[in-house]
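Subject: Handing over a structure

Hello,

Here is the structure I promised to pass on. Please have a look, then read my notes below.

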Amino acid sequence: MSKSVPFLDCCGQPVLEVVKAFATTDGETISIRRCAKCGCHWYYHMKEYYLSGDDYDRRAWYVRLSPEEADTLVKSSESPAESLFADRDGIERDENGIRKSQGIPGFLQ
Ligand SMILES: [Zn+2]
């Protein structure tokens with residue numbers, strides 16, 4: 001499964017594939033994804049939130065990984081702690097749109 005994620009900045013036409021999916025809880029997903037176009041790896045953390053009734057939307061956080069980090073995380077059996085990226089630039093997508101962020105996004109704190 002690959003997904004176009006045009007707002008990422010690893011290359012001109014990012015398309016992400018899941019390389020490693022960690023155990024997910026209800027409404028929450030953590031995975032390591034790789035851009036099929038340029039080979040760059042991204043940490044992906046998504047959390048669903050409820051609007052009203054059965055409607056829900058998703059908030060997502062992306063952090064670009066170095067090849068060494070990706071290698072380590074893909075081999076790990078436990079999902080990486082958010083604190084690992086506490087001082088990193090990332091990209092956040094939520095109900096207010098898409099923006100660059102630094103550190104752990106509010107929706108995960
Ligand atoms: Zn790319």
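First, a term: two strands pair if DSSP finds at least two bridges between them. Strands (E, at least two residues) and helices (H or I, at least four residues) are DSSP runs, numbered from the N terminus.

Now the ground rules. This is a predicted model, in which local features need pLDDT of at least 70, side-chain atom pairs count only at pLDDT 80 or more, and totals for chains, interfaces and linings use all residues. Residues are numbered from 1 along each chain as its sequence is written, and side-chain values use heavy atoms, with hydrogens and water left out.

**The sheet**

Seven strands form an open sheet. Their order is β1-β2-β3-β4-β5-β6-β7, and the pairing is antiparallel. The edges are β1 and β7 (97-102), each of which pairs on one side only. From one strand to the next, the twist averages 30°. Angles here run from 0 to 180 degrees between N-to-C directions, and axes are lines fitted to C-alpha atoms, for helices over the stretch in contact.

Start at β1. Three bridges link β1 and β2 in the antiparallel sense. Ser 4 faces Val 15 in β2. Helix α1 (residues 67-75) packs on the sheet and touches β2, β3, β4 and β5 (56-65). Contact means heavy atoms within 4.5 Å. The direction of α1 makes about 125° with that of β5.

Now the other end. β5 and β6 (residues 89-94) are antiparallel and share three bridges. Ala 60 stands opposite Arg 93 in β6. Arg 93 also has a bridge partner in β7, Ile 98. β6 and β7 pair over six bridges, again antiparallel. A hairpin of two residues joins β6 to β7.

**The zinc site**

What coordinates the zinc ion? Four SG atoms do, from Cys 10, Cys 11, Cys 35 and Cys 38, at 2.3 Å. Donors are N, O and S atoms within 2.8 Å of the metal (3.2 Å for Na, K and Ca); water is not among the atoms, so sites may look incomplete. The donor residues are spaced C-C-x23-C-x2-C in sequence. Cys 11 lies in the loop between β1 (2-4) and β2 (15-21), and Cys 38 in the loop between β3 (28-35) and β4 (41-50), so the pair ties together parts that are 27 residues apart in sequence.

Best wishes
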